[in-house]
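Please open the model in your viewer and keep a selection panel at hand. The stops below say what to select next and what is to be found there.

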Amino acid sequence: MCGLRRVFCSDSYMGNLAFVAKCDGHGEFRDTQYLHRIAIANKVAATAFVVHYGNGSYGIRWFSSYGEIQFCGHATLAAADVLTCDFEVEQDEIIFKSSHQIIRVFNEGENLYAMYLPSARLKMTANFLQISPFFNQTLSHVKQTEPSDGYFVAQVADKQSLIELNFDAKKYSKCTRRALLVSTNDGLDSNGLYFRYFAPQYGSKEDQATGSAAPLLASFWKIPQNTLFNCYQLSLNGAFYQICKKAQHTCVKATVIK
């Protein structure tokens, strides 16, 4: 059984599509080649596969047409809505278990969901110096996560600079396995952020709707706890969600449309 959802959308932002498939059993859920073939055939940015573990929890895996993804936020929210609406899972909290983490998603009614992700830690880096010549402008306050296949996070001066940002994807991919998140709060109120997200070494150059960016944004901008921030992804179609910093997690609030 399957379902298609649009996630991270609003009146002005289209968000992105995710396909959700509920596996018949654990054997099917573990068949990587089979799941990848389905994801290729779906022709959307991401497909989430879920299997029932019992006690209100579900196993989850994510695939793009290029292969398995370590995590996909918008497909996880799509999965929560498919389970709730199509499979009539009558519980306010759904627990998803991947090979890397546990994700809790709460149904807040009227197509609104809250997803809780582990907080991110960032540190200053000098590793970006060899990559910076590939960009058409200077990025500031560059930080990175601990894993070498993690993330760079950086800032630009204003919204227009972020819109015009470009770089040589092939040269970038040869130098690092890190994805890149670039952000600015210029032109918005104190509780708003613009961002773009790039991971050319894992498929397409720019991601259209990126829930995994939420903990990075919260850490980079040091947002205060229990304060709701509006996040606008300036991709081709645009994406919108809200984030809120909790003690050990970042909460992502977003709309899911059938």
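**First stop: Y116 and its surroundings**

Select Y116, which, leaving aside its neighbours within four places in sequence, is in contact (heavy atoms within 4.5 Å) with I103, R104, F106, K246, H249, T250 and C251. Before going further, note that this is a predicted model, in which local features need pLDDT of at least 70 and side-chain atom pairs count only at pLDDT 80 or more, whereas totals for chains, interfaces and linings use all residues. Residues are numbered from 1 along each chain as its sequence is written, and side-chain values use heavy atoms, with hydrogens and water left out.

Y116 is found in strand β8 (residues 112-118), where helices (H or I, at least four residues) and strands (E, at least two) are DSSP runs numbered from the N terminus. Is Y116 buried, partly exposed or exposed? Its relative accessibility is 23%, so Y116 counts as partly exposed; buried means under 20% relative accessible area, exposed over 50%, and partly exposed in between, with a 1.4 Å probe and protein chains only.

**Second stop: aromatic pairs**

A search of the whole structure finds 17 aromatic pairs, defined for rings of Phe, Tyr and Trp (its six-membered ring) with centres within 6.5 Å, where planes under 30 degrees apart count as stacked, over 60 as edge-to-face and the rest as tilted. Among them, F106 and Y116 form an edge-to-face pair, with 5.5 Å centre to centre and 75° between the planes. Because F106 lies in strand β7 (residues 102-107) and Y116 in strand β8, this pair ties together parts that are 10 residues apart in sequence. F106, at 29% relative accessibility, counts as partly exposed.

Now select F167 and F198, whose ring centres are 5.2 Å apart and whose planes are at 90°, so the pair is edge-to-face. F167 lies in the loop between α4 (159-164) and α5 (169-175) and F198 in strand β13 (residues 192-198), so parts 31 residues apart in sequence are tied together. F167 is buried, and so is F198.

Which charged residue sits over the ring of F152? The charged end of R178 does, 5.3 Å from the ring centre, while K205 lies over the face of F167 at 4.6 Å from the ring centre; the criterion is NZ of Lys or CZ of Arg within 6 Å of the ring centre and within 35 degrees of the ring normal.

Strand β2 (residues 16-22) has five of its seven residues buried, so it is largely enclosed by the rest of the structure. Strand β1 (residues 2-7) runs antiparallel to β2 and is joined to it by six bridges, strands being paired if DSSP finds at least two bridges between them. The bridge partner of V7 in β2 is N16. On β2 there are also five bridges to strand β3 (residues 46-54), which runs parallel to it, and the bridge partner of V20 in β3 is A48.
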